[in-house]
Amino acid sequence: MTDNPTEGARVADRSRFRVTRLASWWWLPAAALVGAAAGGAYGQLRPPQYTATSSVVAVPNGTTEADCTDALGFAQAYGRVATQLAVLGDAQVWAGVPVSTLRESVDVATSPDAPMVAVSATASKPSQAVDIANAVSRALITEADHTRSRTGIRLERLSRALKPTEPSSASPALASLVGASAGGLLGGLALLARPRRTPEDDDDQGHASVPGPAGAADARGTLG
């Protein structure tokens with residue numbers, strides 16, 4: 001048993017502070033659990049997405065002095081042109097979808113080492129992804145044919161898009177894992193941002209302020 005009541009109160013205050021601080025850390029697993037549930041639900045409710053890729057290659061047509069180095073540069077340029085209206089306007093006829101859908105679903109990539117343009121399309125149906133990818137690459141070849149007499153470069157189809165057998169979107173398990181990570185991160189940030197209390201704060205609140213010697217002396221002089 002503690003002989004000093006003040007010291008006993010301080011020990012009790014520190015014990016309550018440790019228990020409160022330990023209890024606050026339960027926000028982390030709770031936030032991670034909520035995030036995992038939300039991510040899993042999103043993965044289950046969101047329809048799977050499929051991606052198909054078609055590739056074209058830039059080659060000199062032999063009518064000018066253009067060489068492989070020029071072909072590499074034009075491949076980079078055609079990669080930037082592939083998502084413009086001049087190409088997508090023709091592609092929408094073959095793909096059977098509006099230009100807005102093409103812009104949302106088409107992704108174009110080029111290589112710094114090879115004169116190749118890869119056209120990837122993502123859609124909720126595998127067949128639609130194939131149609132969009134092939135339509136955009138076909139329209140890009142047509143666009144390059146309009147200027148090949150001046151540029152000396154033509155585009156040829158390197159590979160047609162194949163029907164994907166598996167979705168490219170995240171599985172429910174992966175979405176749940178991402179949600180758990182995001183929930184744990186947000187819970188940790190919330191713990192770091194909350195105001196912190198220390199045992200000394202509790203001690204200060206639990207004890208009344210005592211006037212100093214100078215204040216006490218002034219008080220006696222006033223009464224006298």
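Arginine 154 has 21% relative accessibility, so it counts as partly exposed. In this predicted model, arginine 154 pairs with glutamate 156 in a salt bridge. The closest N and O atoms of the two are 2.5 Å apart. Glutamate 156 is partly exposed too, because its relative accessibility is 32%. Side chains of opposite charge can pair when their charged atoms come close. The cut-off for a salt bridge is a side-chain nitrogen of Lys or Arg within 4 Å of a carboxyl oxygen of Asp or Glu. By this rule the structure has one salt bridge.

The charged end of arginine 138 sits over the ring of tryptophan 94. From there to the ring centre is 4.0 Å.

Now step back to the whole chain. The protein chain has 10 helices and four strands. Read from the N terminus, the order of elements is α-α-β-α-α-α-β-β-α-α-β-α-α-α. The chain has 224 residues, and 31% of them count as buried. Take the contacts in the chain with a separation of 6 or more: residues 24 or more positions apart account for 78% of them.

How many aromatic pairs does the structure hold? The structure holds one. Phenylalanine 74 and tyrosine 78 form that pair, with 6.3 Å from centre to centre and 35 degrees between the planes. A pair of aromatic rings is described by the distance of the centres and the angle of the planes. Why is this pair called tilted? Planes under 30 degrees apart count as stacked and those over 60 as edge-to-face, so the rest, including this pair at 35 degrees, are tilted.

The two partners differ in cover. Tyrosine 78 has 8% relative accessibility and therefore counts as buried. Phenylalanine 74 has 28%, so this residue counts as partly exposed. Phenylalanine 74 also has partners elsewhere in the sequence. Leaving aside neighbours within four places, phenylalanine 74 is in contact with Thr151 and Ile153. Threonine 151 is 77 residues away along the chain, but the C-alpha atoms of phenylalanine 74 and threonine 151 are separated by 8.6 Å.

Alanine 77 belongs to helix H3 as well. Its relative accessibility is 26%, so alanine 77 is partly exposed.

Serine 111 comes next. This residue lies in the loop between strand E2 (106-110) and strand E3 (116-123). Is serine 111 buried or exposed? Serine 111 counts as buried because its relative accessibility is 19%, and the cut-off for buried is under 20%. A polar atom of its side chain lies 3.4 Å from the backbone nitrogen of alanine 114. Beyond residues up to four places away in sequence, serine 111 touches Leu72, Gln76 and Met116.

Another serine sits in a helix. Serine 105 is found in helix H5, which spans residues 99-105. What does the side chain of serine 105 reach? The side chain reaches the backbone oxygen of threonine 101, at 2.8 Å. Serine 105 counts as buried because its relative accessibility is 10%. Not counting residues up to four places away, serine 105 touches Ser120, Ala121, Thr122 and Ile132.

Which residues does isoleucine 132 touch, not counting residues up to four places away in sequence? The contacts are Ala95, Val97, Leu102, Ser105, Val106 and Ala121. Valine 119 is 13 residues from isoleucine 132 along the chain, and their C-alpha atoms are separated by 9.2 Å.

Definitions and conventions:
Residues are numbered from 1 along each chain as its sequence is written. This is a predicted model: local features need pLDDT of at least 70, side-chain atom pairs count only at pLDDT 80 or more; totals for chains, interfaces and linings use all residues. Side-chain values use heavy atoms; hydrogens and water are left out. Rings of Phe, Tyr and Trp (its six-membered ring) pair if their centres lie within 6.5 Å; planes under 30 degrees apart count as stacked, over 60 as edge-to-face and the rest as tilted. Buried means under 20% relative accessible area, exposed over 50%, partly exposed in between (1.4 Å probe, protein chains only). A charge sits over a ring if NZ of Lys or CZ of Arg is within 6 Å of the ring centre and within 35 degrees of the ring normal. Helices (H or I, at least four residues) and strands (E, at least two) are DSSP runs, numbered from the N terminus. Contact means heavy atoms within 4.5 Å. A polar contact is a pair of N or O atoms within 3.5 Å; within protein, one must be able to donate a hydrogen and the other to accept it, and residues adjacent in sequence count only if both atoms are side-chain atoms.
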